[in-house]
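Reader: I have a model open and would like to learn how to read its features. Could you take me through them?

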Amino acid sequence: FIKGKKLHALLTHARCFVLPSSHEGLPIALLEAMSYGLDVLVSDIPASHLVDLPADDYFSKGDYEELARKIERKLKYPRQQKYELEAYDWTAIVKRLAAVYDKLNGRKQVP
């Protein structure tokens, strides 16, 4: 488990982030890598598709040959990315959640 300055150093100096997961929920590690503008490569499990990525950023789960080819291509042609991450901003999430509670309680929503 890596966090803080060590994680920042790793993500700052990485060329690519690879997540060959076979199952999990929304991958927070993927969102962190995206926040650093890293080129990413993830398995095509349903949770990875919760984050809208270009088709070339996915590989078939368990297809190690495809994974190797795509890693080679990403390392050969590195690219910095700009991802839309507003949907994952904690302040925005809390405001949306508060609006749900306010609606359930019959209160007027505060902007």
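Author: Gladly, beginning with the fold. The protein chain holds 4 helices and 3 strands, where helices (H or I, at least four residues) and strands (E, at least two) are DSSP runs numbered from the N terminus. This is a predicted model, in which local features need pLDDT of at least 70, side-chain atom pairs count only at pLDDT 80 or more, and totals for chains, interfaces and linings use all residues. Residues are numbered from 1 along each chain as its sequence is written, and side-chain values use heavy atoms, with hydrogens and water left out.

Reader: In what order do the elements run from the N terminus on?

Author: The order is α-β-α-β-β-α-α. The radius of gyration (over C-alpha atoms) is 17 Å, well over the 13 Å that the globule rule (2.2 Å times the number of residues to the power 0.38) gives for 111 residues, so the chain is more spread out than a compact globule. Its C-alpha trace spans about 55 × 30 × 25 Å along the principal axes.

Reader: Which residues of the largest nonpolar core touch the most other members?

Author: In soluble globular proteins, nonpolar side chains tend to be buried together. A nonpolar core is a set of buried (under 20% relative accessible area, 1.4 Å probe, protein chains only) Ala, Val, Leu, Ile, Met, Phe, Trp, Tyr and Cys residues joined through side-chain atoms within 4.5 Å. Here the largest has 15 residues, and Phe17, Leu30, Met34, Val40 and Leu53 touch the most other members. Two or more residues each come from α1 (4-13), β1 (16-19), α2 (28-35) and β2 (39-43), with α2 giving the most, 4 residues.

Technical notes: Buried means under 20% relative accessible area, exposed over 50%, partly exposed in between (1.4 Å probe, protein chains only).
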